[in-house]
Amino acid sequence: MLAQSRVSYERADLPARIKQARKLLAKSDAPSKELYVITDGQAISWGGTSEASSESVAESDAQRDDVPVILVDVHRQAAPNVALRSVQIDTPVRAVGVPVTAVVELFNASPVPQQQHLDLYLDGNREQASPTLSISPHQSTKHEFRFAFSTAGVHRGELRLGGDDASALDNRLFFAVTIDQQIPVAI
C-alpha cells in the first residue's frame with residue numbers, strides 16, 4: 001500500500017488517521033505496537049483538534065493508551081526562490097534608434113529577503129546588467145532596462161536572473177520585438 005501511495009496537495013486529517021490507526025492496532029496481538037506519523041508539521045493537517053500543534057496531539061494520544069505516537073518531522077526550510085513574473089515592453093514607436101523600455105517584475109517566494117541581479121540579452125548578446133536588487137520576503141519589485149535597436153527586423157530578448165535558486169524554471173523570460181527602419185510620416 002505504501003508503494004502505491006502518491007504525494008498530493010490535499011489537506012491531511014491527521015487526528016482522524018491517528019484515531020483510525022489506534023483502532024487497527026488495538027485489534028492486533030503484536031507484542032510491540034508503535035505508531036509513526038511522518039509529517040512536515042503543517043498546522044492545517046492537524047486542524048481537527050483543539051490542540052495547537054502536532055507535538056501536543058501526539059502527547060495527548062500517547063497518554064490515552066500504551067501505544068506510543070512517534071512523530072517523524074520531515075519539514076525542511078524552504079529554499080530561496082526569486083521568480084521572474086513578467087516583462088512589459090514599451091516604446092513610443094518601434095523604429096531604429098527610438099528608446100525601448102523593458103519593465104521586469106521579480107517576486108521573492110521565500111520567507112527571507114533576497115538579493116538578486118538581472119541580465120538583459122538582446123539577440124543572444126549580453127547588453128546590460130541591473131544593480132543588485134533587494135526583494136523583501138513574499139514581495140515583488142520591478143526593474144527597468146532602457147535600450148535602443150540599431151537595426152531593423154525582428155529582435156529577440158531574454159532576461160536572466162543571476163545565480164542559482166530553488167527553481168531554475170522561473171529564472172528566464174523571453175520577448176520579441178519587430179523594429180522598423182524608419183517612421184512613416186504622411187504630410
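pLDDT is the predictor's confidence in each residue, on a scale from 0 to 100. The protein chain of this predicted model averages a pLDDT of 85, and 88% of its residues score at least 70. Local features are reported only at pLDDT of at least 70 and side-chain atom pairs only at pLDDT 80 or more, whereas totals for chains, interfaces and linings use all residues. Residues are numbered from 1 along each chain as its sequence is written, and side-chain values use heavy atoms, with hydrogens and water left out.

**Confidence**
- Over residues 49-54 the pLDDT falls below 50, and beyond near neighbours in sequence this stretch has seven contacts in the model, a contact being heavy atoms within 4.5 Å.
- Where pLDDT is low, the predicted coordinates should not be read in detail.

**Fold and surface**
- The protein chain holds two helices and 11 strands, which follow the pattern α-β-α-β-β-β-β-β-β-β-β-β-β along the sequence; helices (H or I, at least four residues) and strands (E, at least two) are DSSP runs, numbered from the N terminus.
- Among contacts between residues at least 6 apart in sequence, 65% join residues at least 24 apart.
- The accessible surface comes to about 12,600 Å², with 51% of it belonging to carbon and sulfur atoms; areas come from the Shrake-Rupley method with a 1.4 Å probe, and for residues only the protein chains shown count as cover.

**Buried residues and cores**
- Of the 187 residues in the protein chain, 33% are buried, meaning under 20% relative accessible area (1.4 Å probe, protein chains only).
- The largest nonpolar core has 20 residues, of which Leu84, Leu106, Leu118, Phe145, Phe147 and Leu159 touch the most other members; a nonpolar core is a set of buried Ala, Val, Leu, Ile, Met, Phe, Trp, Tyr and Cys residues joined through side-chain atoms within 4.5 Å.
- At least two residues of this core come from each of β3 (82-90), β4 (100-108), β6 (118-122), β8 (133-135), β9 (140-147), β10 (153-161) and β11 (172-179).
- Not counting residues up to four places away in sequence, Phe147 touches Val98, Pro99, Val100, Ala102, Leu120, Leu122, Gln128 and Phe175.

**Glutamine 116**
- Glutamine 116 is found in strand β5 (residues 114-116) and is buried, with a relative accessible area of 8%.
- Leaving aside neighbours within four places in sequence, glutamine 116 is in contact with Val82, Pro131, Thr132, Leu133, Leu161, Gly162 and Asp165.

How values were computed. Buried means under 20% relative accessible area, exposed over 50%, partly exposed in between (1.4 Å probe, protein chains only).
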